[in-house]
Amino acid sequence: MTESAQHARLVKAILSLLEKHFGSLDDIMVRDDSLRPVRAERPPKLPQYIPDVYATDVPTTQVIVGEAKTAKDLETARSHKQIASFLEYLAHTPNSLLILAVPFDCKPRARGLLRKLVPAHGTAPDTKVIDDLDLEQG
Amino acid sequence: MSETGVSEKVPVEQIELDRLNPRIRKFLEMYDGDPTPQQIFLALGAGNDEESEAPTGPTFQKLKQSIITHRGIIHPIILNRQSDGTLVCIEGNTRLALYKDFLKRGVDGEWEFIPALVHEDLEDTEVHAIRLQAHLVGPRPWDPYSKAKYLHELRHTNDMPFAMIVDFCGGRQSEVMTFIEAYIDMENHYRPLISEDGAFDPKRFSGFVELQKPGIKKVIAETGHSLTDFATWVHEDKLKPLNTVRLLPRILKNKKARDVFYKKGARAAEMALDKPKIDHNLQAAPLDQLARALTNKLDALPYDEFKDLRSNPGSDTIGALLEVKERVTEFLREFG
């Protein structure tokens, strides 16, 4: 599978989890940066980087940011800065969640990374690491 | 002739777009010869799937999405059956063009017939009267507060799915979201401050829309304030005009400006902010050169910089451009 195809699959896994979490994507605001977005609107910049998925219920009681990383992506310094930036943003957003979607064999590494990148200020947001196999398990 | 026309469902293929429609005419003046239906189509912006940055773009896209979601139009178009039997659309050309486009492209839905009010052989003056009423007077749009109240009711009271509300409005989901959130903030924090029923001022809603912009609520919380403080500032005219809400992050983070703000409001506090140093040569340049230089700069802006600015509407650059826009608009009013 190519890098971009895998990335697309990981974004799909995030959207699938959101659907399960909220019951229906129709009931939430969802902005995703994928090839065929749910609705034609890209996620906002938070504040330096644009995540793959940004979702809130309506009216907002929870903010969820989703980021997909392939194995190669997960190790770059830029990705680490990006994830740290999302965690920092969410630390100042009550009841927030960061979903990190990675290939199955990268899950331990991703969990370790999230532990390492705990934001210095605010309340550490909830985090969840998922993989694209979750899609197949429904 | 019936004064209001006869209500009919008319086959779209039998109707001609109006070449005298001002938008079509403006476009056709650029071309010689007899315009093709495709050119008329282009003039109306139909057939364009991209979200355009042109002034008519988003409105056209909203209309298009709304018609698809609603599976038809709400207000009938107006037709004139001329003495030779030709049916000409005198009001509703964009809607007609969209029906024709949907039909041609096989968009799911019934687009063969369009609801219309058909007039018989109208005089030119009567046609002009209809065009004027439709385009220069037009229906009065709801004020933003009423729109937001209605959107909130649909979502909160009627439990309508958010995606459906967005589709019916034909707009962007973040706009709908901003309106709903602004309405909730205004009701929760501004309304309780108003003791007399009549004193609630829906025009102040735009301040609560500004409040939803990135970073504003965060800085209010970080500097030890609450949304009730914000509503009090709105109520006490400390944030007047209401677009000065966007100055709040800079004001609240600056002690001197903050103290002025508490006493005299945002406009006065703005003067106390550290002004960025401006190059001496720029400062000395004549107004026309500065204006042309700004135009050239905007025209030649690299796409990456444009994308950065678009994703960061709270940036100093956008703030400065908005300020220029306001000052220039205000200034030019003096010249008619």
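Q: What is a polar contact here, before we look at the interface?
A: A polar contact is a pair of N or O atoms within 3.5 Å; within protein, one must be able to donate a hydrogen and the other to accept it. The model is predicted.

Q: How many residue pairs are in polar contact across the interface of chain A and chain B?
A: The rule finds nine such residue pairs, both members being at pLDDT 80 or more.

Q: Which elements of chain A supply the side that touches chain B?
A: Strands β1 (28-32) and β2 (53-57) of chain A each supply at least two residues. The most comes from β1(A), which gives four residues.

Q: And by class?
A: The side of chain A that touches chain B has seven nonpolar, three polar and seven charged residues.

Q: How many salt bridges cross the interface?
A: Three are found between chain A and chain B. One of them joins the side chains of A:E41 and B:R172, at 3.8 Å from N to O.

Q: What area is buried between the chains?
A: About 1,400 Å², with 56% of it on carbon and sulfur atoms. Chain A brings 17 residues to the contact and chain B 15 residues.

Q: Changing topic: at what angle do α6 and α8 of chain B pack?
A: Helix α6 (residues 144-157) and helix α8 (residues 173-190) of chain B pack at about 95°, their axes 8 Å apart. Therefore α6(B) is roughly perpendicular to α8(B).

Q: Which residues make that contact?
A: Among them are B:Y145, B:L151 and B:R155 of α6(B), and B:F179, B:Y183 and B:E187 of α8(B). By class, the contact residues divide into 10 nonpolar, one polar and four charged.

How values were computed. Residues numbered from 1 in each chain as written. Chains lettered and ligands numbered in written order. Predicted model: local features only at pLDDT ≥ 70, side-chain atom pairs only at ≥ 80, totals over all residues. Heavy atoms only, no water. Contact = heavy atoms within 4.5 Å. Buried area = accessible area lost by both parts, 1.4 Å probe. Salt bridge = Lys/Arg side-chain N within 4 Å of Asp/Glu carboxyl O. Polar contact = N/O pair within 3.5 Å; in protein donor to acceptor, adjacent residues only side chain to side chain. Nonpolar A, V, L, I, M, F, W, Y, C, P; charged D, E, K, R; others polar. Axes fitted to C-alpha atoms, helices over the stretch in contact; angles between N-to-C directions. Parallel < 35°, antiparallel > 145°, perpendicular 65-115°, else oblique.
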